[in-house]
Amino acid sequence: MTKTRLVQREAKTIDARKSASGRQGSQTLFRGLNVVEVVADGSIALPELATRLGLTRSTTHRLASALVERRYLAFVPGSGYSLGPKLLELGYKVRDELDLRRVALGHLERLVLITDDTVHLGVLDHDRVLYLDKIPGQRRISISSRIGELQPVCSTGLGKALVLDHGEESWANLFRAEKGIRRMFSQADWMARMRNYAHLGYALDLEENEDQIRCVAAPIRDVGGRIVAAISVSSAAQYMNDERMQMLSHDVVDTARRISHDLGWTRGEPDHRAPRPGRKPTVVQSAPPRMRQEKTLSAKRRARSTF
């Protein structure tokens, strides 16, 4: 047998093993899901569970034990297996997210009509931002975010809005923990900005997460006043100079408050939070000079932008 044929045969053998391993993994997963579905009908002992699944007792015991270890099932001697607390946790999480999207949808659609820009809804998921919803705006620009994706906290407007209440120690830990992200500011500068955002009640993304994309974000609170989500308005930098971002902050904060109210939050915010028409706003902290020179468009193009 030639060396080439030997290599080809070995490659086919490896591929066959990988395929068999993949099928075996899928089979184990489906069997585990079948265990959960059977137990969902009520507590059940091992012998009956094995019978209903059509598996041996040893295989059933192995699958059920793994699920007990991960808290998807619970085991009580004399009673058998029942659903575990992990499923309850996941169920509450799904319910909350579905309710949040349902409650927020009309408000988000209204915000898109007001601004013509893309609107996002996100929550905090293990120190990352999970995008729950995205409604594209009317402008001919592309924003790469996708529903279901995870993004950093420190470089996104949504992320900063989600952690406005966390305090400086938590902010510092988040900044240090997020490695490999775009670093437009030093930790000291970023912390100073977070203090300002916490005072204002909204946060900004000044092209920190994506080139030429800026956004204004504000937190959503539940009945207890806890930040449970955030919304943002995002657009190309040519439509988002400092003045317009100040104007947008009122609409974004107002929309976030409306959603919060629908979730049961009734406490009012201090007057200094969102700048209102006719009131001199707090100055937006702009990007550093280098960033402005490299990232922003010319003043002439900004002057032609319509808001």
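Colleague: In this model the axes of α2 and α3 come within 9 Å of each other and cross at roughly 105 degrees. What makes α2 roughly perpendicular to α3?

Modeller: It's a predicted model, just to have that said. The crossing is at roughly 105 degrees, and angles from 65 to 115 count as roughly perpendicular, so α2 gets that label against α3.

Colleague: Which residues of α2 and α3 make the contact?

Modeller: From α2 you have Leu46, Pro47, Leu49, Ala50 and Leu53, and from α3 they meet Arg57, Thr60 and His61.

Colleague: What about helix α6 and helix α7, at what angle do their axes cross?

Modeller: Helix α6 covers residues 168-177 and helix α7 covers 187-200; their axes come within 10 Å and cross at roughly 135 degrees.

Colleague: Why is α6 called oblique to α7?

Modeller: Go through the ranges. Roughly perpendicular stops at 115 and roughly antiparallel needs over 145. The α6 and α7 axes cross at roughly 135 degrees, which falls in what is left, so α6 is oblique to α7.

Colleague: Is the crossing of α6 and α7 left-handed or right-handed? And which residues meet there?

Modeller: α6 passes α7 in a right-handed crossing. On the α6 side the contacts come from Glu168, Trp171, Ala172, Phe175 and Arg176. On the α7 side they come from Gln187, Trp190, Met191, Met194, Arg195 and Ala198.

Colleague: Why is Ala45 called partly exposed?

Modeller: Its relative accessible area is 35%. Buried needs under 20% and exposed needs over 50%, so Ala45 ends up as partly exposed.

Colleague: And Val36, buried or exposed?

Modeller: Val36 has a relative accessible area of 16%. The cut-off for buried is under 20%, so Val36 is buried. Val36 sits in helix α1, and beyond four places in sequence its contacts are Leu67, Leu83 and Leu87. Val36 and Gly84 are 48 residues apart in sequence and 9.5 Å apart, C-alpha to C-alpha.

Colleague: Which residues touch the most other members of the largest nonpolar core?

Modeller: Leu108, Leu121, Val216 and Ile231, out of 50 residues in that core. Apart from it there is another core, of 13 residues, and Val36 is one of them, along with Leu53, Leu73 and Tyr81 among others.

Colleague: What makes Ile135 buried?

Modeller: Ile135 comes out at 16% relative accessibility, and buried means under 20%, so Ile135 counts as buried. Ile135 is in strand β4 (residues 129-135). Its contacts beyond four places in sequence include Leu105, Leu108, Val112 and Val119.

Colleague: Let's turn to backbone angles. What is the phi of Arg71?

Modeller: Positive, about 70 degrees, although Arg71 is not a glycine. Glu207 also has a positive phi, of about 65 degrees, and is not a glycine either. Arg71 is in the loop between α3 (57-69) and β1 (73-76), while Glu207 is in the loop between β6 (203-206) and β7 (213-221).

Colleague: How do you know that Glu207 is buried? And why is Arg71 called partly exposed?

Modeller: Glu207 is at 0% relative accessibility, and under 20% means buried, so that settles Glu207. Arg71 has 35%, which lies between the 20% and 50% limits, so Arg71 is partly exposed.

Colleague: How many disulfides are there? And what about Cys154 and Cys215, buried or exposed?

Modeller: The count is zero disulfides; a pair of cysteine sulfur atoms has to be within 2.5 Å to qualify. With under 20% as the limit for buried, Cys154 at 3% counts as buried, and so does Cys215 at 4%.

Colleague: And the whole protein chain, how many helices and strands?

Modeller: Ten helices and eight strands. Of the 307 residues, 42% are buried. Among contacts with a separation of 6 or more, 60% are between residues 24 or more positions apart.

How values were computed
Residues are numbered from 1 along each chain as its sequence is written. This is a predicted model: local features need pLDDT of at least 70, side-chain atom pairs count only at pLDDT 80 or more; totals for chains, interfaces and linings use all residues. Side-chain values use heavy atoms; hydrogens and water are left out. A nonpolar core is a set of buried Ala, Val, Leu, Ile, Met, Phe, Trp, Tyr and Cys residues joined through side-chain atoms within 4.5 Å. Buried means under 20% relative accessible area, exposed over 50%, partly exposed in between (1.4 Å probe, protein chains only). Axes are lines fitted to C-alpha atoms, for helices over the stretch in contact, and angles run from 0 to 180 degrees between N-to-C directions. Helices (H or I, at least four residues) and strands (E, at least two) are DSSP runs, numbered from the N terminus. Angles under 35 degrees count as roughly parallel, over 145 as roughly antiparallel, 65 to 115 as roughly perpendicular and the rest as oblique. A crossing is left-handed if the near helix is turned anticlockwise from the far one by less than a right angle, and right-handed if clockwise. Contact means heavy atoms within 4.5 Å.
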